[in-house]
Amino acid sequence: MELVNKLGRFYLHPIPGLGINGIHLTIGFNIYCLTHHIKLKGHWGTFPSRIWERVDEMLNKGFPVVMAVGPNKLFHKQKHRLNLYTKGGDGYEMQCTCRGHFVTITNMDKDYVTVSSWGEKYYISKKQYEAYLKKYSNCFFTNIFIVDKR
């Protein structure tokens with residue numbers, strides 16, 4: 001937890017009560033890599049039609065993928081959320097929901113991405129993520145953080 005606090009204080013600069021967005025993450029990551037001579041660079045987002053292609057590229061390079069489930073378009077008026085599932089004997093079971101939240105993608109198949117949220121393993125339907133992005137959020141807030149070698 002000490003490392004997380006240090007990253008927040010010195011590199012990410014969260015907005016009190018709101019946290020960080022993809023641009024904050026990108027700037028903080030790039031400053032951290034530059035100051036620690038790490039030959040990586042990051043940038044925020046891709047076209048919605050290319051999200052799963054880019055996720056696949058990054059996972060094949062060995063990089064876990066930070067994915068945002070952004071807030072709703074009208075922040076205070078809408079309460080739509082994205083379902084998070086666990087795998088049970090009868091398939092996928094909805095466990096909780098989220099919005100305005102980052103998760104880490106660790107694996108992907110045809111229909112679902114495997115994610116970690118606060119250390120717990122969940123699954124997100126790719127179709128539901130695409131629908132959430134299109135109908136309730138936008139690609140500035142609901143997207144992925146892309147890491148490449150410098």
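# Exercises on a predicted model

Within the largest nonpolar core, which has 30 residues, W52, V55, M67, V113, V115, I124 and Y129 touch the most other members. A nonpolar core is a set of buried Ala, Val, Leu, Ile, Met, Phe, Trp, Tyr and Cys residues joined through side-chain atoms within 4.5 Å. This is a predicted model: local features need pLDDT of at least 70, side-chain atom pairs count only at pLDDT 80 or more, and totals for chains, interfaces and linings use all residues. Residues are numbered from 1 along each chain as its sequence is written, and side-chain values use heavy atoms, with hydrogens and water left out.

## Exercise 1: Confidence

Find which element has the lowest mean pLDDT and which has the highest.

**Solution.** Step 1: recall that pLDDT is the predictor's confidence in each residue, from 0 to 100. Step 2: take the whole chain. Its average pLDDT is 91, and 95% of the residues score at least 70. Step 3: go to the elements. Helices (H or I, at least four residues) and strands (E, at least two) are DSSP runs, numbered from the N terminus. Helix α1 (residues 2–12) has the lowest mean, 72. Strand β7 (residues 120–125) has the highest, 98.

## Exercise 2: Positive phi

Say where H37 lies and whether H37 is buried or exposed.

**Solution.** Buried means under 20% relative accessible area, exposed over 50%, partly exposed in between (1.4 Å probe, protein chains only). Step 2: take H37. This residue is not a glycine, yet its phi is positive, about 55°. H37 sits in the loop between α2 and β1 (40–44). Its relative accessible area is 70%, so H37 is exposed. Step 3: take W118. Its phi is also positive, near 50°, in a residue other than glycine.

## Exercise 3: Salt bridges

Trace the salt bridges of D148 and name the network that contains D148.

**Solution.** Step 1: define the pair. A salt bridge is a side-chain nitrogen of Lys or Arg within 4 Å of a carboxyl oxygen of Asp or Glu. The structure holds five. Step 2: pair D148 with R54. Their N to O distance is 3.9 Å. D148 lies in strand β8 (residues 144–149) and R54 in helix α3 (residues 51–60), so the pair ties together parts that are 94 residues apart in sequence. D148 is buried at 16% relative accessible area, and R54 is buried at 12%. Step 3: pair D148 with K61. Their closest N and O atoms are 3.1 Å apart. K61 lies in the loop between α3 and β2 (65–69), so this pair ties together parts that are 87 residues apart in sequence. Step 4: join the partners. Step 5: check another pair. E53 and R50 meet at 2.9 Å, N to O. E53 is partly exposed at 41%, and R50 is partly exposed at 30%.
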